[in-house]
Amino acid sequence: MSAVGPMGAGSRPSIAVLRAELDKRNVSAVELAERYLARIAAESVLNAFLHVDEARTLAEARAADARLAAGEKLPLLGIPVAHKDIFVTRGWRSTAGSKMLAGYTSPFDATVVERLRAAGMVCLGKLNCDEFAMGSSNENSAFGPVQNPWDRDRVPGGTSGASAAVVAAGLSPAATGTDTGGSLRQPAAMCGVTAIKPTYGRVSRYGMIAFASSLDQGGPMAQSAADCALLLAAMAGFDPRDSTSIDRAAEDYRALPPAAGLRIGVPKEFFGEGLAADVAAAVHASLREFERLGATLVDISLPRTKLSIPAYYVIAPAEASSNLSRFDGVRYGHRAADYDDLTEMMARSRAEGFGAEVKRRIFTGTFVLSHGYYDAYYLQAQKVRRLIAQDFQDAFRSCDLIMGPVAPTTAWKLGDKSKDPVAMYLEDIFTLGVSLAGLPGMSVPCGQGAGNLPVGLQIIGNYFDESRMLGAAHQFQQSTDWHTLRPPGAAA
Amino acid sequence: MHLTPAQLRRIAHLSRIEVSAADLDRLGTELTGIFDLIEQLQAVDTSGIVPLSHPLAVIEEMPLRLREDVVDEIDRREANLGQAPQTENGLFLVPKVIE
């Protein structure tokens, strides 16, 4: 904590610290919101926010103050949060980072937005992201790339790049994100923050603009596992409006059980060719720390790790081509100015409204679902998906958690990979399998690589094992300080 | 896997995304790279493997939920129409389809 107090300039307080300050009446929710809004304005160069509305934020903060004054006790009451602009919001813009939805305002709130507001969180605004959550660097946004606060010439990762950037830079203590193939975990790793993608079906997809429905999953980003546990507890839960929402009894994510006695599986495929030496060193050091905490390391194999890339890049585009067919220039979204007939209106509206990567995925998905190719590509990918998911189940027979790197490298330079779609896809190698299997995955800051860039440790759990993952991450963060390191000049 | 211009035009048409003749070459190169990547799946022996569409179905049956057949949506007719590029008499307006 900085010498000027928990909310002073240059500080980046956790949710727990803010909670204590609010409860002691050292600060009001309105004052807190004002301080974060000032930081957001001072750091607009990051290009992290697509929509800020001070009046709306302060109105939410006043409502939180009224609930506090009335004696309500909720862990997140009065705490600010920023939402990835994949979650639709009434009153705020909802663009999905796309020109297609540049002028769209949603008539309803996503379940996640609704739940966090009910929990008393104050919305600071909507966050930039790759268009329709497709990408690995946040460079696919129609509204420009986001800078990594650790090195302004580098990408923050993607697709929840701004979610990670604002938490790292201290512009918000918490952010929501979504993860279809690594979009929470990879930017969290590249910006040095903590994130959890829960088991598929834990967090409602209602009002989360759909990319690939069998993979999409929302989750929180914050500075620590303990903060993520508070956020996940508020976000998760059965929602009848999401047909794949899991109907299970609520669990206490805040229990944070210790790591002692855990068997940690270390997949050899995650440490082979292509893994940068600085990332490998940081991940190995953190595995030794878990041994010191009383866990044992077990060698495991996830033999189809490499196949997760082609399987994902068939299944995700196939679902995307179907989901994005709703953008036709008829009911909402962009419509071209000139056209002769209905087909031309749709085709031209979509050509103008979608960016290059979104189009590539729609084309790919349309092709693999088309007559004559469906069995060979789409069904084959779904069969490989089962093999990949089964590999994880086989591995979990000899371990409780799996750990390895989140991404092969630290954050790369803006523009370095944006011209080569396949090079970008290959960066997703360690996160895609977890998504295809629907397993929960975390990213936890675990060291620094060359140039002091953050490295993330991936913690993979079996289905519904979020509590164990959060507990292990929390204990790691009790004995290390990687998660407390701040980018140079952040929130100054 | 090389895609012919005719194949590319067919994909663009099925996708309802206009592609100019000038862009067709670049698209062909990009998609060829992606299809070379996904072509790796062909080498995998998947005989006897059932496709997995819901990830959790690998551990348990995931039947779709049924609900009572009742109206539970809020009427947002005006708000929904308000997002449309063109409406008339409470209807979405599109170019004439049938002469």
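Which helix of chain B has the lowest mean pLDDT among the elements of that chain, and which has the highest? The lowest is α3 (residues 77-81) of chain B, at 91, and the highest is α1 (residues 5-15) of chain B, at 95. Here pLDDT is the predictor's confidence in each residue, from 0 to 100, and helices are DSSP runs of H or I with at least four residues, strands runs of E with at least two, numbered from the N terminus.

A word on ground rules: this is a predicted model, where local features need pLDDT of at least 70 and side-chain atom pairs count only at pLDDT 80 or more, while totals for chains, interfaces and linings use all residues. Residues are numbered from 1 along each chain as its sequence is written, and chains are lettered from A and ligands numbered from 1 in the order in which they are written.

**Stop one: chain B.** The model as a whole scores ipTM 0.96 and pTM 0.96. The C-alpha atoms fill a box of roughly 55 × 50 × 25 Å along the principal axes. Buried residues (20 or more other C-beta atoms within 10 Å of their own; exposed means 12 or fewer, partly exposed in between, with C-beta atoms placed from the backbone) make up 15% of the chain.

**Stop two: where the chains meet.** Now show both chains. Here 58 residues of chain A are in contact (C-beta atoms, placed from the backbone, within 7 Å) with 39 residues of chain B. Several helices of chain A each supply at least two residues to this side, including α9 (308-323) and α12 (374-395). The largest share, 13 residues, comes from α12(A).

**Stop three: A:Thr296.** Zoom in on strand β8 (residues 296-300) of chain A, where A:Thr296 sits. A:Thr296 counts as partly exposed because it has 13 C-beta neighbours inside 10 Å. Leaving aside neighbours within four places in sequence, A:Thr296 is in contact with A:Arg263 and A:Ile264. Finally, pick A:Ala61 as well: the C-alpha atoms of A:Thr296 and A:Ala61 are separated by 46 Å.

Terms used
Two residues are in contact if their C-beta atoms, placed from the backbone, lie within 7 Å.
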